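Here is a short report on one protein structure. Look at the picture first, then read on.

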There are 2 protein chains.
Amino acid sequence: MIKNSIAQITDKQQETAAKIIKELQQENARNTEQGFGPFLAAIYDDNGNLIAKMPNTVAKDKSCLCHAEINTIKAACKNLNSYDLSPFNLSIYVTAEPCIMCMGAIMWSGIKKVFYSVNSADVEKITGFDEGFKPSWLEEFAKRGIEVFGEIEAEEGRKILRQYISSGKEVYKPSDR
Amino acid sequence: MIKNSIAQITDKQQETAAKIIKELQQENARNTEQGFGPFLAAIYDDNGNLIAKMPNTVAKDKSCLCHAEINTIKAACKNLNSYDLSPFNLSIYVTAEPCIMCMGAIMWSGIKKVFYSVNSADVEKITGFDEGFKPSWLEEFAKRGIEVFGEIEAEEGRKILRQYISSGKEVYKPSDR
């Protein structure tokens, strides 16, 4: 497991994280059969309550902004009626490392912990999606008090992305690239 | 004027950019009196048609995602009925340098040119807003074929941000920072 400098996790929490990521992966694989992009995110509070869960809807909603994390943070702000999620002690779980846009969104939301499966280098290699330039985000998140845990159940995550591509599904991006 | 390596501009285009930025600044100053955040963005096509224009609505809409650029790109995708804006040859004009989230959004949209006024270092110094970590974005945008022009009418832009702060308006951010 990849972690940033402030990340701390117990065995029990690690088990819970793996369980949630596995559930997201199963749902993610089903979603791609219905025209969703191959990424899914969920936000939980510290008591295990699901606050919001949303897939990538770029192609379905015809909006380049509709990444899974963006959709999920939008829904969480709406459900909790606040732009400031920090008082709720929330964690975001994602089937892949956030792209540069979603990194920003997570920082501005006040979410406290990030758990992801497949890293961006693998996403780019397998799918051809552009994830953006990856600066020292683990350190930058640590500076802002955000714990990051990565590469959870990553082999299964990569498998789902490979299936997405081998079945000829859409790699949505600007058509001039 | 700041430019990235692929940016090319004629005197006439430079005049037009300054005119649009000045108009946005005037509207931006008025918007802050009505509870909007102190940032405004607009997307134009090459023929000078306005495709979308939106202010920052983070506090008003209670969503940390509602930066001016995000709101404007969302509206442009809706107005043009596509996640891929690249065939429309669009430029985005913003009263300040995009934060890391909005940088990502611009990259994924297919917008071809970015014109901004106040740079992020000045925004942070004047207002206390966090703009994110600023990697080599000018070069990264150039790699993706996106021209960037910055610090247009920046003194007037800084003045409006100073007024926003001195009048005691909200600097919305996670409350734990």
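## Salt bridges overall

Over all chains, the rule gives a count of 28 salt bridges. A salt bridge is a side-chain nitrogen of Lys or Arg within 4 Å of a carboxyl oxygen of Asp or Glu. This is a predicted model: local features need pLDDT of at least 70, side-chain atom pairs count only at pLDDT 80 or more, and totals for chains, interfaces and linings use all residues. Residues are numbered from 1 along each chain as its sequence is written, chains are lettered from A and ligands numbered from 1 in the order in which they are written, and side-chain values use heavy atoms, with hydrogens and water left out.

## Where the chains meet

How many residues of chain A are in contact with chain B? There are 45, and they meet 45 residues of chain B. Contact means heavy atoms within 4.5 Å. The area buried between chain A and chain B is about 3,700 Å². Carbon and sulfur atoms give 64% of that area. Buried area is the accessible area (1.4 Å probe) that two parts lose on being put together, summed over both. Y83(A), W108(A) and F133(A) supply 24% of the area that chain A buries against chain B, more than any other three residues.

Between chain A and chain B, 14 residue pairs are in polar contact, both residues being at pLDDT 80 or more. A polar contact is a pair of N or O atoms within 3.5 Å; within protein, one must be able to donate a hydrogen and the other to accept it, and residues adjacent in sequence count only if both atoms are side-chain atoms. On the side of chain A that touches chain B, α4(A) gives the largest share, 8 residues. Helices (H or I, at least four residues) and strands (E, at least two) are DSSP runs, numbered from the N terminus.

## Bridges across the interface

The rule finds 4 salt bridges across the interface of chain A and chain B. One of them links D176(B) with K112(A), the closest N and O atoms being 2.7 Å apart. D176(B) lies in the segment after α7 (154-166) of chain B and K112(A) in the loop between α4 and β5 (113-118) of chain A, so the pair joins two chains. K112(B) also forms a salt bridge with D176(A), with the closest N and O atoms 2.7 Å apart.

D176(B) is partly exposed, with a relative accessible area of 40%. D176(A) is partly exposed too, at 39%. Buried means under 20% relative accessible area, exposed over 50%, and partly exposed in between (1.4 Å probe, protein chains only).

## Inside chain A

R158(A) forms a salt bridge with D122(A), the closest N and O atoms being 3.3 Å apart. R158(A) lies in helix α7 and D122(A) in helix α5 (residues 120-127), so the pair ties together parts that are 36 residues apart in sequence. Are these two residues buried or exposed? Both R158(A) and D122(A) are buried. D122(A), K125(A), E155(A), R158(A) and R162(A) are linked in a network of salt bridges.

G157(A) is also found in helix α7 of chain A. G157(A) is buried, with a relative accessible area of 7%. Not counting residues up to four places away in sequence, G157(A) touches Q25(A), S117(A) and V118(A).

## A sheet in chain B

In chain B, 6 strands form an open, mixed sheet in the order β1-β6-β5-β4-β2-β3. Two strands pair if DSSP finds at least two bridges between them. The edge strands, β1 (2-3) and β3 (50-56), each pair on one side only. Strand β2 (residues 37-45) runs antiparallel to β3(B), and 6 bridges join them.
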